[in-house]
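Student: Could you take me through this structure and show me how its descriptions follow from their definitions?

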Amino acid sequence: MKALALALLLAACAEKPVTPSSPDAAVPPPVALDGPPLPPERPQAPPPEVPSPPPGKRRDATLLVGDAYRAAGGDLDGDRKAELALADDQRVWVVDRAGRTLAEIPAGEEGVQILTILDAEGDGRRELAVGWGETGKHRAAKAKVSLYRLQKGKLVEEIVWAPKTARNEIVAILAVKGGLFLAWFESKYLVKTARATRGAGGAWTLAESAPVRMATSYALGDVDGDRSPDVLVGRVYGDARDRDGDAFLQRPDGSRLVIPTTRGVRALVSADSDGDGREEVFLADGWHQNYGKYARALLTWARLTGAAFQSAPIEESAGQFSMSKLLAADLDGDHRPEIVAQGSHAVRVFKRRGEAWTGLSVFGLTRDIAVVDGELLAIGDKASAWIDLRGAL
Ligand SMILES: [Ca+2]
Ligand SMILES: [Ca+2]
Ligand SMILES: [Ca+2]
Ligand SMILES: [Ca+2]
């Protein structure tokens, strides 16, 4: 399972189809003479340790999640209580908070890359959105974005978009006013985005934007407080081979406002961490093509100040080589979001205190993390747990 988790973790970062067997697997260093200079090597350090006893109240979820490698929470049946959607190599299924299976569908030829619960067409009812494509166990899969509505114990599919592409990988499915924001690989390196809206007859229409090379993370965030979300982009690699990745706000005309980072970005999320109506951008940066030697598990935050982003470090996580997924959610019940980072070796939760952030390791190696009604689900390498952090941060 460890190998699977690492393969999944690294699949999104590979320019070439490589499946490293360990974080320190040999990867050839960049050869271009005009490439950026190599950063200092990452110091050796033991991975972060979860305090003993572990923080928060915990319930075992090992049997509930089984072999799932993707999880998402949200209210699918309109009763205002969240359900949990899970995906493994064989199926996608939905359980209620008591653990009862409500519905399931077989994965078939496709593998699940993205699993998320959102309101896809702005009618106030949430749908399960799945980004299907090629995974280790599904080599012949075609990329597809599907919505599923929970109706009378069945997950009823509606296909939103099925791009014809040489790289069958859906990058992002996000809710945007009255529709969806989609990102997918249209070729080996180029990522295309579109806003998708559902017509009265049920047909989806896409308004596409120009592709961006290796744009592997997307978030929509209102960074200037005008109540209109901006497109935030993070990239593992840059505009040419052997160029470091970066991050930027992409304006509607395609122009970029740089968000300063340290090399490539594995994940980004936006959240208003102080309640002033403007969202901050959180970036898992420090990525390097030769991650065994040079990648750093950095968490950086950026704020739009005037006409430019100011970035500041939150942490460099010793003993980890990357953070691959970030979530923003209120976990301690104070109505302000914390940042949850799924790292290469541990899950860490960051809480803002004024201008500073404090980090706490809450779990070890995970296949995925999700927040359901304020509770953190950590799908672990061997054991999985619900973690209630109210009063523990
Ligand atoms: Ca529900
Ligand atoms: Ca809906
Ligand atoms: Ca703010
Ligand atoms: Ca909070």
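**Strands, pairs and sheets**

Tutor: Over four bridges, strand β3 (residues 83-87) pairs in the antiparallel sense with strand β4 (residues 91-95). The model is a predicted one, in which local features need pLDDT of at least 70 and side-chain atom pairs count only at pLDDT 80 or more, while totals for chains, interfaces and linings use all residues. Residues are numbered from 1 along each chain as its sequence is written, and chains are lettered from A and ligands numbered from 1 in the order in which they are written.

Student: What makes β3 and β4 a pair?

Tutor: Two strands pair if DSSP finds at least two bridges between them, a strand being a DSSP run (E, at least two residues) numbered from the N terminus. β3 and β4 have four bridges, so they pair. At one of these places, A87 has V92 in β4 as its bridge partner.

Student: Why are β2 and β5 said to stand at the edges?

Tutor: The open sheet has the order β2-β3-β4-β5, with antiparallel pairing. β2 (70-74) and β5 (101-106) each have a single partner strand, so one side of each is left without a neighbour in the sheet.

Student: Why is β10 called largely enclosed?

Tutor: A residue is buried if 20 or more other C-beta atoms, placed from the backbone, lie within 10 Å of its own, exposed if 12 or fewer do, and partly exposed in between. Five of the seven residues of β10 (residues 170-176) are buried, so the rest of the structure largely encloses this strand.

Student: How do you know that β10 pairs with β11?

Tutor: Six bridges join β10 to β11 (residues 179-185) in the antiparallel sense, and I173 has L182 as its bridge partner in β11.
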